[in-house]
Amino acid sequence: MTHGLFRRCTTMPGTRLSPEDQVAVDAFRAMLAAPRTPERWTPGSAQDVAVRVGAHTERAHIRPGDDLGPDVIAVALVHPDTPHAAAYAHRYTRRGWLRCETTGILDLWRPAYTALTHAAAGLDLPVDVGMPAAHYGVDVQARQSDGSGFTVLRLGPYSQTRHTSRDADRLTAELEEQAAVIAPGFTVTATSAAFDFGDREAYRDPYGTELKLLLASALAEAWK
């Protein structure tokens with residue numbers, strides 16, 4: 001795309017640019033200026049950010065509710081023309097959520113960065129984008145009718161959502177048998193959730209012990 005911008009700007013000195021050429025020139029100037037005037041990302045921002053992927057700059061969407069970490073947040077790489085690029089979005093979003101070190105955020109996303117993306121160069125994202133997968137968890141929560149309650153058990157990390165869904169379903173089936181007796185007055189549910197790296201000590205390893213035993217132990221501890 002940058003090649004196209006250079007190619008269009010070939011008017012002779014002293015001649016007036018056509019409207020189409022002026023648009024190309026303005027876009028090229030904006031692309032050059034963007035990296036020189038970055039806007040600092042701050043925790044809690046709901047805006048997309050610009051991150052480096054190899055020699056290119058890509059647009060990353062921050063996972064809702066997981067944008068407060070000062071060091072690491074969860075992001076998904078998205079097509080630069082999102083939400084108007086449905087036909088190409090799968091090339092990006094199929095990678096799922098990724099762990100992004102906040103020191104690697106270049107800027108808040110701006111359209112001027114579009115020309116610096118893999119998509120603009122007609123390239124697919126590399127196999128290694130430089131960010132590991134952002135893991136997932138299962139939360140077992142107890143709630144009363146007034147909405148108050150607490151977390152009974154947290155499981156994780158899982159690397160794939162299909163695994164969290166499987167274990168959440170298994171725990172839900174188990175809860176239908178146990179919770180009414182052990183936790184009267186509470187509705188206890190198991191749901192898939194984002195893995196909270198800031199609270200990793202609160203999680204139990206879902207692969208180290210039988211799920212039924214983990215759940216029974218957590219319920220007994222909560223209502224002993």
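This is a predicted model: local features need pLDDT of at least 70, side-chain atom pairs count only at pLDDT 80 or more; totals for chains, interfaces and linings use all residues.
**Entry: overall layout**

I counted 5 helices and 8 strands in the protein, and reading along the sequence I found that they follow the pattern α-α-β-β-β-α-β-β-β-β-α-β-α. I then turned to the contacts between residues at least 6 apart in sequence, and found that 66% of these join residues at least 24 apart.

I followed an open sheet formed by 3 strands in the order 7-6-8, with antiparallel pairing. Strand 7 and strand 8 are its edge strands, since each of them pairs on one side only. From one strand to the next, I noted a twist that averages 20°. Looking at one pairing in detail, I found 7 bridges joining strand 6 to strand 7, and these two strands run antiparallel. Within strand 7, Arg154 is the bridge partner of Asp139. I then checked what lies against the sheet and found that helix 5 packs on it, touching strand 6 and strand 7, with a direction that makes about 155° with that of strand 7.

**Entry: the nonpolar cores**

Which residues of the largest nonpolar core touch the most other members? I found that this core holds 19 residues, and that Val138, Val140, Val152, Leu153, Leu155, Leu171 and Leu175 are the ones with the most contacts to other members. Two or more residues come from each of strand 6, strand 7 (149-158), helix 4 (161-182), strand 8 (187-194) and helix 5 (211-222). The largest share, 5 residues, is given by helix 5. I took Val152 for a closer look: leaving aside residues up to four places away in sequence, Val152 touches Val140, Gln141, Ala142, Ala218, Leu219 and Trp223. Apart from this core I noted another, of 17 residues, including Val53, Ile62, Ile105 and Leu108.

Not counting residues up to four places away in sequence, Thr164 touches Tyr136, Gly137, Val138, Tyr158 and Ser192.

I found Thr114 in the loop between strand 5 (105-108) and strand 6 (136-143). Why does Thr114 count as buried? Thr114 has 16% relative accessibility, and the label applies because buried means under 20% relative accessible area. With residues up to four places away in sequence again left out, I listed the contacts of Thr114 as Pro80, Asp81, Trp109 and Ala120.

**Entry: the largest pocket**

I looked up the largest pocket last, and noted a volume of about 200 Å³. There are 16 residues lining this pocket, and the closest to its centre are Asp66, Gly69, Val72, Asp196 and Gly198. Which strand gives the most to the lining of the largest pocket? I found that strand 3 (residues 72-78) does, with 3 residues.

Methods: Residues are numbered from 1 along each chain as its sequence is written. Side-chain values use heavy atoms; hydrogens and water are left out. Helices (H or I, at least four residues) and strands (E, at least two) are DSSP runs, numbered from the N terminus. Buried means under 20% relative accessible area, exposed over 50%, partly exposed in between (1.4 Å probe, protein chains only). Contact means heavy atoms within 4.5 Å. A nonpolar core is a set of buried Ala, Val, Leu, Ile, Met, Phe, Trp, Tyr and Cys residues joined through side-chain atoms within 4.5 Å. Two strands pair if DSSP finds at least two bridges between them. Axes are lines fitted to C-alpha atoms, for helices over the stretch in contact, and angles run from 0 to 180 degrees between N-to-C directions. On a 1 Å grid over the protein atoms alone, a cavity is a set of points where a 1.4 Å probe fits but cannot get out, and a pocket is an open set with protein on both sides within 12 Å along at least five of seven lines; lining residues have an atom within 4 Å of a point. Grid points are joined across faces, edges and corners, and a volume is the space filled by probe spheres set on the points.
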